Amino acid sequence: MNHEAGAEDGFPPLEEFSDQFIVGQIIVGQKDLFRLLVQRYERPVYGMGLSFFRNAEDAADFTQEVFLKVYRNLSNFEGRSRFSTWLYKIAYNTAINGVNRRKEYHSLAEDEAGTSDSDTPERVLIRKAAKEAVLASLTELPERYRVCIDLFFFYDRSYLEIEAITGLPVNTIKSHVFRAKKLLREKLEDIGV
């Protein structure tokens with residue numbers, strides 16, 4: 001299967017194929033297709049790196065390390081979960097190992113800017129107050145809670161995927177997310193947002 005062109009040769013572009021299909025093609029020898037997986041997941045993996053390591057250089061090194069591990073272990077992917085879940089588990093474990101060496105974690109929530117040119121000064125102030133309340137609430141949570149919150153809200157992972165990534169039981173993850181939502185709601189009500 002060596003068709004880069006796509007639609008004109010009767011095949012859809014490679015970018016439209018599923019992760020599992022691309023992994024299968026890589027395993028049987030189409031090693032150059034790995035770039036498609038990197039293109040699909042480089043940004044979220046880099047974002048996870050920023051969450052854990054707080055600087056661009058370390059996040060870039062982390063991203064490279066994760067994709068190297070993924071490439072080396074691709075034949076171990078059994079397809080029982082989504083490829084993204086498997087990849088994020090490798091990324092999470094790599095990050096946790098790095099954090100254990102450094103003892104730091106930075107939530108993705110702290111990086112959410114979210115202003116637009118059409119925002120009024122009042123909206124900007126309200127958003128800033130809400131963000132500060134959210135950040136204050138998140139910093140009060142233990143690190144394992146913040147990781148669950150990031151994966152749930154900022155990476156849009158399901159409870160089962162978070163379980164596969166972190167190794168925490170689903171009920172524990174649900175409890176962490178529920179507790180964080182409750183804390184955030186209380187904080188926002190306190191400041192009138």
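Buried residues (under 20% relative accessible area with a 1.4 Å probe, protein chains only; exposed is over 50%, partly exposed in between) make up 41% of the 193 residues in the protein. The model is predicted, so local features need pLDDT of at least 70 and side-chain atom pairs count only at pLDDT 80 or more, while totals for chains, interfaces and linings use all residues. Residues are numbered from 1 along each chain as its sequence is written, and side-chain values use heavy atoms, without hydrogens and water.

**Exercise 1. State how many helices and strands the protein has.**

Step 1. Helices (H or I, at least four residues) and strands (E, at least two) are DSSP runs, numbered from the N terminus.
Step 2. The protein has eight helices and zero strands.
Step 3. Along the sequence, the pattern reads α-α-α-α-α-α-α-α.

**Exercise 2. Find the buried residues of helix α1 and say how they are arranged.**

Step 1. Helix α1 covers residues 19-27; Asp19, Ile22, Val23, Gln25 and Ile26 are buried.
Step 2. Look down the axis of α1: these buried residues fall within an arc of 160 degrees, so they line one face of the helix. The arc is taken from the directions from the helix axis to the C-beta atoms.
Step 3. Recall the general rule: an α-helix has 3.6 residues a turn, so residues three or four places apart point the same way.

**Exercise 3. Classify the ring pairs Phe17 with Phe21 and Phe52 with Tyr92.**

Step 1. Rings of Phe, Tyr and Trp (its six-membered ring) pair if their centres lie within 6.5 Å; planes under 30 degrees apart count as stacked, over 60 as edge-to-face and the rest as tilted. The whole structure holds ten aromatic pairs.
Step 2. Phe17 and Phe21 have ring centres 4.5 Å apart and planes at 25 degrees, so this pair is stacked. Phe17 is buried, at 17% relative accessible area. Phe21 is partly exposed, at 30%.
Step 3. Phe52 and Tyr92 have centres 6.4 Å apart and planes at 75 degrees, so this pair is edge-to-face. The pair links distant parts of the chain, 40 residues apart: Phe52 sits in helix α2 (residues 34-53), Tyr92 in helix α4 (residues 83-102). Both Phe52 and Tyr92 are buried.
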